[in-house]
Amino acid sequence: MIKLLFVILYLFTNTSILTYSREINWERYWNEYSKYSNSIQKWSKFYNLDSNIVKAVISWESNWTPKARGIPPSCRGLMQVNGGSFNPDDNIRQGCSILSKNLIIFKDYYKALIGYNAGTGNAKKIIKSGKKWHYSTKVLQIAYTLSKLDHEIISKYINFKGLIQ
C-alpha cells in the first residue's frame, strides 16, 4: 500500500509526465469529472469515440469550466464548441459530434483533433503541408495519461491529500 501511494505521489509531482505548456489542474479534473462522466460516457459511446480523448479535449479546452468562453467568444462550454451550448450535456454532445465527423474524414485522432481545433478545411491544408500541430499532440498526451491512471485509486489519493493539507 505504501509503495502504491509513492507511485501515485510520483505521478502527481513528476512534471515530465503531467505538465504541459498549458497547466492542467489535475485535482480539478478529479473533482469535476464526476459531474459530467455520464454525459461523456453516453456521447463517447454514441459517436464511437475514446472517452479519454473527450476528457482530454475538455481538460485542455475549458479546464472543466462549463461556462467557459474562448477565442473567438463564440466558442463556448466544456468543449469550446463554436456557437455551442453552455449546457454541459448539450455541449459534450456537440463536441463529440464534431470530433466524430473529423475522425470519419481523417481516419485518426491526431488529424481529427487538428480538424476539431482548426476546422476541417484548415486541417486539410495543415495535414497536406506536413506541419506538426501542437494542440493534437497535447490532447493526445493528456488522453494517454488519463488512460494510465486508475480513477478509484486517484480519487482516494485526492481525498487523502485533502486530509493532510
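This is a predicted model: local features need pLDDT of at least 70, side-chain atom pairs count only at pLDDT 80 or more; totals for chains, interfaces and linings use all residues.

How much space lies in the largest pocket? I get about 340 Å³. Residues are numbered from 1 along each chain as its sequence is written, and side-chain values use heavy atoms, with hydrogens and water left out.

**Pocket**

I wrote down the pocket rule: on a 1 Å grid over the protein atoms alone, a pocket is an open set of points where a 1.4 Å probe fits, with protein on both sides within 12 Å along at least five of seven lines, and lining residues have an atom within 4 Å of a point. The volume is the space filled by probe spheres set on the points, which are joined across faces, edges and corners.

I looked up the lining next: 16 residues line the largest pocket, and E61, C75, Q80, Y116 and N117 lie nearest its centre. Helix 4 (51-62), strand 2 (81-82) and helix 6 (109-118) are the elements that each give two or more residues to this lining. Helix 6 supplies the largest share, three residues. Helices here are DSSP runs of H or I with at least four residues, strands are E runs of at least two, and both are numbered from the N terminus.

By class, I find eight nonpolar, five polar and three charged residues in the pocket lining. For the classes, Ala, Val, Leu, Ile, Met, Phe, Trp, Tyr, Cys and Pro count as nonpolar, Asp, Glu, Lys and Arg as charged, and the others, Gly among them, as polar.

**Helix 8 and its partners**

I then checked helix 6 against helix 8 (residues 134-148): they pack at about 120°, with axes 8 Å apart. Axes are lines fitted to C-alpha atoms, for helices over the stretch in contact, and angles run from 0 to 180 degrees between N-to-C directions. Helix 6 and helix 8 are therefore oblique to each other. The cut-offs: under 35 degrees is roughly parallel, over 145 roughly antiparallel, 65 to 115 roughly perpendicular, and the rest oblique.

Y109, Y110, L113, I114, Y116 and N117 of helix 6 touch Y135, S136, T137, V139 and L140 of helix 8, with contact meaning heavy atoms within 4.5 Å. That set has eight nonpolar, three polar and no charged residues.

Helix 4 also comes within 8 Å of helix 8, axis to axis, crossing at roughly 120°. I listed some of its contact residues, including I53, V57 and W60 in helix 4 and Y135, V139 and L146 in helix 8. The class count for this contact is ten nonpolar, four polar and three charged.

**Helix 3 with helix 5**

Which way do these two run? The axes of helix 3 (residues 26-46) and helix 5 (residues 88-106) come within 9 Å and cross at roughly 30°, so I call helix 3 and helix 5 roughly parallel to each other. Y36, S39, I40, K42, W43 and S44 in helix 3 meet P88, D89, I92, R93 and C96 in helix 5. I count six nonpolar, two polar and three charged residues there.

**Backbone**

The peptide bond from I71 to P72 is cis, with omega near 0°. P72 sits in the loop between helix 4 and strand 1 (75-76). Q80, in the loop between strand 1 and strand 2, has a positive phi near 50° without being a glycine. Most residues other than glycine have a negative phi, and most peptide bonds are trans.
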